[in-house]
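We'll go stop by stop, picking residues and looking at what surrounds them.

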Amino acid sequence: MQAHASAPGKIILCGEHAVVYGRPAIALPLSGIRARASVTSGAPGIGVRFDAPDLERRWLLSTAPNDPLSELTLATLQQLGIVETPDIQITITSDIPIASGMGSGAAIATAIVRALAAAFGQNLSAAEVSALVYESEQRYHGTPSGIDNTVIAYEQAIWFQRRSEPPHLIEPLPIATPFTLLIGDTGVRSATRLPVGEVRRRWQEDPACYEALFDQVAEIVHQARCALAEGDIAALGPLLDRNQELLEQIGVSSPELERLIAAARRAGAAGAKLSGGGWGGVMIALVDAETLAPVRDALLAAGAARVLETSVSATA
Ligand code: MEV
């Protein structure tokens with residue numbers, strides 16, 4: 001037995017956090033950076049063995065059944081109709097920095113689900129993969145909106161809106177003109193569940209204030225959708241800037257993120273904001289052919305641990 005699968009990273013273009021509270025958000029896959037899983041036959045009687053050298057972890061399902069990836073594997077085997085635990089080795093590798101806002105956890109989970117399905121000769125739809133990964137994220141993160149597992153499973157630009165009951169609204173996003181984003185990594189690791197939990201605490205304390213902030217984010221996300229559909233990339237920059245202001249008010253920015261955002265704007269980025277959970281992780285900057293190099297240099301000079309480039313293609 002030998003099966004391999006992979007899944008991309010992701011970024012949120014706009015609407016993070018508000019999306020947890022039913023507002024729409026736009027997410028993009030990062031096809032160039034991926035998590036990979038392979039499933040091979042294991043030693044008889046050992047059950048499922050996990051080997052994740054990038055995470056510096058190795059464990060057995062039988063000795064860590066409550067590990068989120070062990071639970072995900074059990075749920076996937078159940079969905080595939082495999083009743084007896086097979087003797088397999090699952091090897092996990094990933095280019096996606098963990099706790100960086102780029103969907104590392106959901107991408108690893110997606111790669112595992114796909115590799116297991118392939119190993120047992122079965123096909124799971126993107127919706128089925130996404131649902132299994134969501135269940136796993138829920139156990140780990142508390143109240144995820146579902147946008148990360150969705151954009152990663154479908155691997156296309158999406159418009160996502162959580163409904164109180166599934167199915168959530170998932171639409172491919174029309175993009176009339178390609179554009180380029182630089183992703184600056186603060187190098188500060190921040191597990192998404194922490195800022196998400198803090199926003200929930202603040203929302204519970206002052207629901208009216210937070211609902212109003214989320215409504216303002218939603219308005220920006222609607223405008224961004226129109227700008228992308230019309231190919232009006234010039235309109236997108238100020239919307240990203242405005243989204244950043246609201247994220248600062250929501251309380252999920254950080255000095256490291258703001259240093260990179262300010263450096264990108266000074267070097268000519270048309271707009272910049274944090275992306276994902278915040279408090280660390282990554283920011284994005286909208287650039288063009290002329291500003292790409294100066295903004296990259298400025299991000300590195302301002303202390304970015306790494307800078308990635310992603311070109312977002314027009315949809316047909
Ligand atoms: C994380 O990529 C996006 C957040 O909105 C959390 C979520 O939607 O689950 C911060």
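How many residues does helix 8 have, and how far does it reach from its first C-alpha to its last? Select residues 255-266: helix 8 has twelve residues and spans 16 Å between those end atoms, close to the 16 Å expected at 1.5 Å a residue. That expected span is 1.5 Å times one less than the number of residues. Helices here are DSSP runs of H or I with at least four residues, strands are E runs of at least two, and both are numbered from the N terminus.

Some ground rules before moving on. This is a predicted model, where local features need pLDDT of at least 70 and side-chain atom pairs count only at 80 or more, while totals for chains, interfaces and linings use all residues. Residues are numbered from 1 along each chain as its sequence is written, and side-chain values use heavy atoms, with hydrogens and water left out.

**Around helix 8**

Colour L257, L260, I261, A263 and A264: these are buried in helix 8. They sit on the same side of the helix because they cover an arc of only 165° around the axis, taken from the directions from the helix axis to the C-beta atoms. Buried means under 20% relative accessible area, exposed means over 50%, and partly exposed is in between (1.4 Å probe, protein chains only).

Next, show what the buried residues pack against: strand 8 (179-185), helix 7 (233-250), strand 9 (271-275), strand 10 (282-287) and helix 9 (292-301). Contact means heavy atoms within 4.5 Å. Following helix 8 is G268, with a positive phi near 110°.

**A glycine in a loop**

Jump to G276, in the loop between strand 9 and strand 10. G276 counts as buried, at 6% relative accessibility. Leaving aside neighbours within four places in sequence, G276 touches I12, E16, H17 and G101.

**Q89 in strand 5**

Select 88-94 for strand 5, and pick out Q89. Q89 is buried at 15% relative accessibility. Its side chain makes a polar contact of 3.4 Å with that of T91. The cut-off is a pair of N or O atoms within 3.5 Å; within protein, one must be able to donate a hydrogen and the other to accept it, and residues adjacent in sequence count only if both atoms are side-chain atoms.

**Rings and charges**

Which residues make up the aromatic cluster? Show Y21, W203, Y210 and F214, which form one cluster. Rings of Phe, Tyr and Trp (its six-membered ring) pair if their centres lie within 6.5 Å; planes under 30 degrees apart are stacked, over 60 edge-to-face, and the rest tilted. The structure holds four aromatic pairs. One of them is Y21 with W203, tilted at 4.9 Å centre to centre and 55° between the planes. Y210 and F214 are edge-to-face, with centres 6.1 Å apart and planes at 65°; both residues are buried.

Last stop: R57, whose charged end sits over the ring of W59, 3.9 Å from its centre. The criterion is NZ of Lys or CZ of Arg within 6 Å of the ring centre and within 35 degrees of the ring normal. R225 likewise lies over the face of W159, at 4.5 Å from the ring centre.
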